[in-house]
Amino acid sequence: MKKRDKSPTSVRNKELKIDLFLEKRKSFILIFVLAIFILLALLLFDPKPFIGGDNATYVLLGRALLSGKGYTDIWSPGIPPHTQYPFGYPLLLCLGLVFFPHGYLPLKFISLLCGLGSVYLFYQLLKKRIRLSVLFTILLLLVLNPDILEFSHWVLSEIPFLFFSLLAVFFFDKACSQNNQKLNLYFFLGTLIMMFTYYIRTIGLAFVIGCLAYFFYKREYKRAGVLLLIFIALAISWSIRNYCIGTHGGYLDQFLMRDPYNPALGRLTLGQLTTRLFTNFQIYTFNVIPQIVLPTIGIWGLSNGGVILGLLVLAIMVIGFITGIKQRFVLPGFYTIFYLGIALLWPETWSDRRFLIPMIPFLLFYVVMGVIKILRSFLHDRSVFLTLPLLGLLVFAGLQVNISQVPISVGNLFAYVQGDKSAGYPSNWRNFFEAADWVRNNSSPEAVVVSRKPTLFYLRSEHKSFCYPFSANQDSVLKAVDKADYVMVDQVSGTTARYLIPAIQNLVPQKFEIVYVTPPPQTYILKVKK
């Protein structure tokens, strides 16, 4: 029997044969990968609103723009100007709101299309930098990532932000590939789209700084200077507008607080900022990033090894980052550094996987490149025999999580189509929306309601709403509540028990009359006696 050849030359020849095979079929394989994304995204599709609340805010801001009322809080009494969220994403939602002025479900497909476009753009960025076998492995990890799939059906800014940031990187890459420093069309397209990402999410500032660092790194000072001037010119008008209106409650105020949900704790000190940095490092290193890379940690019983696993993933990513720089993946490298730097400084109460959604393609790239680099350093050309099974394990992890969620998702979708618009919501949120429906059907259209989630409440009830103050001073809470006609006492947030209930519970029924109660866990609607 002929002995099988396992020499380094033989291994390299097999790798070349694999690359040649993929090169001839790369268009078909890309379509296949995109089809997997679409299929899973539809199977896991959730038609209901996201319960965070900022999704409703984006939609209502888009409606305000289209209605001619300006960039205003149309859900709030007095319709004040809005200063917290930048206008980029609401402006993007206007593309759907033009055709569906009061629709919500169609807006979800904007995120779905942006998710699909992000996968394609990532392919375009990598196809000339790495081998096709590695590239398609990374794309498979991306389209099977549960977080990318989930956020591709929410009306939230993370996936559109990812798409436009990748589009800007694509144009900057085109501009720099011409080996000159001329201010060509690709450069200006990249700069304008970069600015749009800044107006989609304020964290886009990390992308701006990353782009400036990139052009300085390449000693393209003319491009860096023009980019900086364009950023100042386009950003200053928004800043001046917010300054003139008043930025209380904006991102800067929240960043400077020790806890945005407990203002009484006061402003952040330098020592507390250091503590926040260390806490966020632990959250992301030992919990969030390992869950993104290996979403089956809980299923496979690896949760107890969080510290070891986290440090291992971090080490692999650092090696992959250095390898990526050598592969001319420089601009995303600068962007990743500044983005993660801001993430580590952000209030730890908001530190979770959602903040890293725009980073997932880059994190997966660094993990794959790190695994390959480490194995090749020890096993040289024979590393392919271990690399493929390890990368296949990562692909299987994403597939396993998604397949386990499909029956639940499809069941909720069928229930929704059959009329249960709260299918899949936990009982406390079911009761929140049920109470909002009661207000819509049983009160004057002019009635104002105090609610922990004013924009979600308005989206469902079409009644103006505002949140109670996050204050332990009961007089302050009562003074605010007295401006409303109704008060919702919900079970969806701990701040209700911390601030609202202590202020009003001893004034029932003298000041507040219970007019509606849901089944357990009870949500109450109280009428304010004037």
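I started with helix 15, which gives the largest share of the lining of the largest cavity, 3 residues. A reminder to myself: this is a predicted model.

**Counting the cavities.** I looked up how many cavities of 30 Å³ or more there are, and the count came to 2.

**The largest cavity.** I noted about 80 Å³ of space in the largest cavity. The lining takes in Leu 125, Arg 129, Val 169, Asp 173 and Tyr 214, along with the run Arg 328, Phe 329, Val 330, Leu 331 and Pro 332. Which elements give two or more residues to this lining? I found helix 8 (158-176) and helix 15 (330-345). I also sorted the lining of the largest cavity by class: 7 residues are nonpolar, 3 are charged and none is polar.

**The second largest cavity.** Next I turned to the second largest cavity, where I have about 70 Å³ of space written down. Its lining is made up of Leu 141, Leu 144, Asn 145, Pro 146, Ile 292, Val 293, Pro 295, Leu 364, Leu 394 and Gly 398. Helix 13 (270-293) and helix 17 (384-417) are the elements that give two or more residues to this lining. How do the residues of this lining divide by class? I got 8 nonpolar, 2 polar and no charged.

**Side by side.** For my own summary, I put the two linings together.

Definitions and conventions. Residues are numbered from 1 along each chain as its sequence is written. This is a predicted model: local features need pLDDT of at least 70, side-chain atom pairs count only at pLDDT 80 or more; totals for chains, interfaces and linings use all residues. Side-chain values use heavy atoms; hydrogens and water are left out. On a 1 Å grid over the protein atoms alone, a cavity is a set of points where a 1.4 Å probe fits but cannot get out, and a pocket is an open set with protein on both sides within 12 Å along at least five of seven lines; lining residues have an atom within 4 Å of a point. Grid points are joined across faces, edges and corners, and a volume is the space filled by probe spheres set on the points. Helices (H or I, at least four residues) and strands (E, at least two) are DSSP runs, numbered from the N terminus. Ala, Val, Leu, Ile, Met, Phe, Trp, Tyr, Cys and Pro count as nonpolar, Asp, Glu, Lys and Arg as charged, and the others, Gly among them, as polar.
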